Amino acid sequence: MSNQDLERGAAKNPPNTNPNANYSTSPYYLETSEKQWTPWLVPMFVVANIAMFIVVMYVNNCPDSNLGFGDKCVASFLGRFSFQPIRENPLLGPSSNTLVKLGALKWNKVVHEHQGWRLLSCIWLHAGIIHLLANMLSLVLIGIRLEQQFGFVRIGMIYLVAGVGGSVMSSLFIQNNISVGASGALFGLLGAMLSELLTNWTIYTNKVAALFTLIVIVVINLAVGILPHVDNFAHIGGFLTGFLLGFVLLVRPQFKWTERHHLPPGARRVPKYKTYQYILWLAAAILLVAGFTLGLVMLFRGENGNKHCSWCHYLSCVPTSRWDCAN
């Protein structure tokens with residue numbers, strides 16, 4: 001993509017935490033009798049993202065918009081759906097102008113032109129077909145499993161709110177480029193998986209192995225974000241939002257409480273949740289509301305996050321002898 005575009009990279013596949021998986025085949029067996037949901041929302045998200053990309057390419061119309069440039073459109077046999085020249089967009093996608101026209105995240109338009117809707121619209125746009133395929137594969141691998149366990153309402157809320165959380169953090173720290181992609185929302189699902197494991201710690205077996213695997217996956221994906229033209233602030237913001245939402249929305253009752261009807265008469269009553277689960281729920285809810293409030297106030301006041309954190313720019317791009325992060 002041109003040096004004005006930042007795509008949000010795709011998260012890699014997490015460990016299997018399917019509650020109905022057989023113990024011998026799943027290393028992260030969950031002691032619960034909860035029913036499984038039939039996933040439909042995540043597949044609909046995938047369809048919506050693909051449909052939106054088709055609309056973007058139709059509007060882009062490379063053969064007409066690329067007139068006067070030396071490079072030819074890629075895959076010109078696709079007509080108006082052909083891709084911008086490789087030098088302009090190596091991810092095989094539209095131009096920056098088309099993305100901005102259709103809702104890409106751009107600080108100036110959010111703050112000075114009062115287009116706050118871009119905080120949400122940008123998560124449905126992708127910089128190119130490679131970007132789209134990587135994110136949709138990750139969404140299928142992560143999202144369907146979570147929707148099976150927790151249902152479409154909770155997972156849909158985490159996906160959308162984490163996407164907005166990623167956009168807010170991105171806008172605070174990246175103010176000269178545009179940003180698109182669903183990976184802030186995808187990192188939110190990863191964050192929710194981690195907090196779900198922590199808050200429901202007692203009902204998992206092999207919990208240390210599951211925790212280690214999740215942390216490694218998150219660290220690897222965040223490390224990829226220090227490459228140039230990858231919006232790691234959206235990843236971090238989405239992850240933190242999803243991490244806090246997981247404590248609020250994905251808490252599970254104790255196993256003994258779910259099986260209380262099978263206990264003998266006169267058995268000691270077991271509380272639905274443990275004390276530490278209530279504490280984590282309250283702390284996460286407070287931090288979530290406070291974080292969103294602070295972030296939105298700073299954003300719409302036109303604050304630059306880099307002025308309050310002189311080293312934070314290294315979280316999104318680390319300069320080396322091979323590339324420069326100045327742009």
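**Exercise 1. How many disulfides does the count come to in this protein?**

Before the solution, two remarks on the model are needed. The structure is a predicted model, in which local features need pLDDT of at least 70 and side-chain atom pairs count only at pLDDT 80 or more, while totals for chains, interfaces and linings use all residues. Residues are numbered from 1 along each chain as its sequence is written, and side-chain values use heavy atoms, with hydrogens and water left out.

Solution. Step one is the rule: a disulfide is a pair of cysteine sulfur atoms within 2.5 Å. A disulfide is a covalent bond between the sulfur atoms of two cysteines. By this rule the count comes to two disulfides.

Step two takes the pair Cys62 and Cys73, which a disulfide joins with an S to S distance of 2.0 Å. The pair links distant parts of the chain, eleven residues apart, with Cys62 in helix H2 (residues 62–65) and Cys73 in the loop between H2 and helix H3 (96–101). Helices here are DSSP runs of H or I with at least four residues, strands are runs of E with at least two, and both are numbered from the N terminus. The torsion about the S-S bond of Cys62 and Cys73 is about -95 degrees, so this disulfide is left-handed.

Step three takes Cys309 and Cys312, whose sulfur atoms lie 1.9 Å apart in a disulfide. Here the torsion about the S-S bond is about 80 degrees, so the disulfide of Cys309 and Cys312 is right-handed.

**Exercise 2. Find the salt bridges and describe the surroundings of their residues.**

Solution. A salt bridge is a side-chain nitrogen of Lys or Arg within 4 Å of a carboxyl oxygen of Asp or Glu, and by this rule the count comes to three.

One of them joins the side chains of Glu196 and Arg252, at 3.0 Å from N to O. The pair links distant parts of the chain, 56 residues apart: Glu196 belongs to helix H8 (residues 183–199), and Arg252 to the loop between helix H10 (232–249) and helix H11 (255–258). Glu196 is buried at 3% relative accessibility, and Arg252 is buried at 2%.

Another joins Lys109 and Glu113 at 3.4 Å, where Lys109 is buried with a relative accessible area of 18%, whereas Glu113 is partly exposed with 38%.

The side chains of Glu303 and Arg301 also meet in a salt bridge, at 3.8 Å; Glu303 is partly exposed at 23%, and Arg301 is exposed at 63% relative accessibility.

**Exercise 3. Describe helix H12, its buried residues and its packing partners.**

Solution. Helix H12 (residues 275–300) has 26 residues, and from its first C-alpha to its last it reaches 38 Å, close to the 38 Å expected, where the expected span is 1.5 Å times one less than the number of residues. Its buried residues are Gln277, Ala284, Leu288, Gly295, Met298 and Leu299. These pack against helix H4 (107–111), helix H5 (118–121), helix H7 (152–173), H8, H10 and helix H13 (305–308). Just after H12, Gly302 takes a positive phi of about 80 degrees.

**Exercise 4. Which residues make the nonpolar surface patch of about 720 Å²?**

Solution. Patches are made of residues with over 30% relative accessible area and no salt bridge, joining like charges within 9 Å and nonpolar side chains (Val, Leu, Ile, Met, Phe, Trp, Tyr) within 5 Å. Accessible areas come from the Shrake-Rupley method with a 1.4 Å probe, and for residues only the protein chains shown count as cover. The patch is made by Ile50, Ile54, Val55, Tyr58, Val59, Phe77, Leu78 and Phe81. Among them, Phe81 lies in the loop between H2 and H3 and is partly exposed at 31% relative accessibility.

**Exercise 5. Characterise the protein as a whole.**

Solution. There are 13 helices and three strands, and buried residues make up 49% of the 327 residues. The protein exposes about 15700 Å², of which carbon and sulfur atoms supply 66%.

Definitions and conventions. Buried means under 20% relative accessible area, exposed over 50%, partly exposed in between (1.4 Å probe, protein chains only). Contact means heavy atoms within 4.5 Å.
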